[in-house]
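Here is a brief report on strand pairing and ring contacts. View the structure, then read on.

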Amino acid sequence: MSSPLYRAVRATNWLRRQIRTNSLWFLALSLVVGAGAGLSAILLGQLARGTQRLLFGLAQGEHLSAAEAITPWRLVALPIGGALLGLVLWFLRRRKAVDIVEANALHGGRIPARDTATVVGTTLLSNSFGASVGLEAAYAQAGGGLASLLGQKVKLRRSDLRTLMAAGAGAAVSAAFGAPLTGAFYAFEVVLGAYSTATVAPVMLAALAAAVLARGMGMTPYVIAAGGMHPTGTADYVLYGLLGLICAFMGIVLMRLVSLIEHAVHRSKLPMHWAPLVGGLLLIPLALLSPQTLSGGHGALNLNLIAEVTIAGLALTILLKMLASAVSLGFGFRGGLFFASLFLGSLVGRLYQVVLAQIPGLHVLAPDDATVVGMAAMAVAVVGGPITMSLLVLEVTHDFAITGVAVAATLISSTVAREAFGYSFSTWRLHLRGETLRSGRDVGWMRALTAGQMMRRDVPQLAADASVSAFRERFPLGSTTRVVLLDVKGHYAGIVETAAAWSPDVELVAEIGSLAKLAHARLTPDMGIGEVLETFDRVAADDLVVVAPDGSVAGLITERHARRRYAEELERSQRELYGEA
């Protein structure tokens, strides 16, 4: 009789096979992931808001950013939170946590459990103590990290693991905002970088499961309903298109401001683990001027939708919130700009509407419509995902007319921001760390396919100071097309073509090195296929030598072979993406 352990192992292996080979089992796993991601988002949100109520003396249901005033002595929670975060960062020094976009683009959807705990814990700590950052980074990381862990346990294929991880991240966003379509397209546009027929069902099912769970537990959606079903015409499209342009500019300014402050902090002599404490101290005067600068801004968004506003008041709030977010992130607090950009966009949209209302004879925009369109246009400039943000407007307003206008504004904002700046906030942060990612598209296979893997090692070599006569004796016509030359130290010194060495115009006593070319064009073994092809294009060569760190010749790659390998790997990845493998 088999032991219980043996039966458990057999059952586990059977389950793995079913999930890997049967679409229905994979959908069932997506459903589990969606429920788990939704529950994690709910728990994180409740924990953060409960801590804020305790620290800042808020009433039940009151949001920090919507408080009329905060007792000044309670603002000491900001530097205290910064000090605690600094202590955590000190323990985690020299380690960069992998986030969901980086994991999907470079690591096939694999996120170490420690990295998930790091991102979730530091973001939760930052938001709970009032820093001007959102919890959405923790939500998405928790959902994506849970999905990645489960996917690795059942040994999913790379493409399936990426899909499941994106489904978990999207499900968490779906639960937080009470918007399943928004969560699903967040997974498609921001995390996966694309969508296909093979990914629609698992991602949508996970997002729906998370949203249903959140509503079943009585959770209030993170964004309130707005919009009054106002008719829209050509003038609205023109004016909201201009608002999209303004929001693109504001989004770029915000991202640049964050990086400028962060750069200044790094250049200073301030130890990195002390930076959050200093940042918390700098946030106190901003919070005294306006509590709307604190936390993500959810409550403040609701407040500004119904309150009487002025141009000066809106402009001041925009400035203070941008400064607070930039100071928080620049001085080391962890979090996202998703909801901060929604809040800022709502303020920009409302300010835009108020300013236009002062111009006699100009078409009048509805205040709530301008608010939600600005919200979507600003968020897409910072976060990306024009369809994601347009669907958020639809799920917030239930108004197809204003959603159409929002699509136009978000497309303009997205196009201008990407052309003028080139990055979303998440990929911009990766760019500052030395990465070149522009989205969550899977480029990890391109880096895994290196020059060292593709090169041929049996490369004919000769000393560069040998004579042409010696070359001809060793390499007759037809024996090889090219020979790699070495200097006196055995280092790479160029390539000479056999046909050129056998030209009747060449002196037999001349050094073969005089015919060398591409002496300064070389590859390294760790170069990815993308870098290899870029080098071929730049130097216009048919062959390139791979040089080891010590200068010796490691191998040689032909352009034809490199492009064939690239095409083969690209075709394989596309088959996996569209479920044909």
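## Strand 5 and strand 6

Valine 546 stands opposite glycine 555 in strand 6. The model is a predicted one. Strand 6 covers residues 553-558 and runs antiparallel to strand 5, with 5 bridges joining the two.

The hairpin of strand 5 and strand 6 has 5 residues between the strands. Within this hairpin, glycine 551 takes a positive phi near 95°.

## Strand 5 and strand 4

Strand 4 (residues 522-523) pairs with strand 5 in the parallel sense, over 2 bridges. Here valine 546 of strand 5 has leucine 523 opposite. The chain leaves strand 4, passes through helix 23 (residues 529-539) and reaches strand 5. This β-α-β crossover is right-handed.

## Cover of strand 5

Asp543, Val545 and Val547 point one way from the strand. Leu544 and Val546 point the other way. The residues on both sides are buried, Asp543 among them.

## Aromatic contacts

The whole structure holds 6 aromatic pairs. The rings of phenylalanine 471 and phenylalanine 475 have their planes at 45°, so this pair is tilted; the ring centres are 5.2 Å apart. Phenylalanine 471 and phenylalanine 475 are both buried.

Phe177, Tyr186, Phe338 and Phe339 make up one aromatic cluster.

## A charge over a ring

Which ring lies under the charged end of arginine 472? The ring is that of tryptophan 502. The charged end sits over this ring, 5.1 Å from its centre.

Technical notes
Residues are numbered from 1 along each chain as its sequence is written. This is a predicted model: local features need pLDDT of at least 70, side-chain atom pairs count only at pLDDT 80 or more; totals for chains, interfaces and linings use all residues. Side-chain values use heavy atoms; hydrogens and water are left out. Rings of Phe, Tyr and Trp (its six-membered ring) pair if their centres lie within 6.5 Å; planes under 30 degrees apart count as stacked, over 60 as edge-to-face and the rest as tilted. Buried means under 20% relative accessible area, exposed over 50%, partly exposed in between (1.4 Å probe, protein chains only). A charge sits over a ring if NZ of Lys or CZ of Arg is within 6 Å of the ring centre and within 35 degrees of the ring normal. Helices (H or I, at least four residues) and strands (E, at least two) are DSSP runs, numbered from the N terminus. Two strands pair if DSSP finds at least two bridges between them. A crossover is right-handed if, with the strands pointing away from the viewer, the path from the first strand over the helix to the second runs clockwise.
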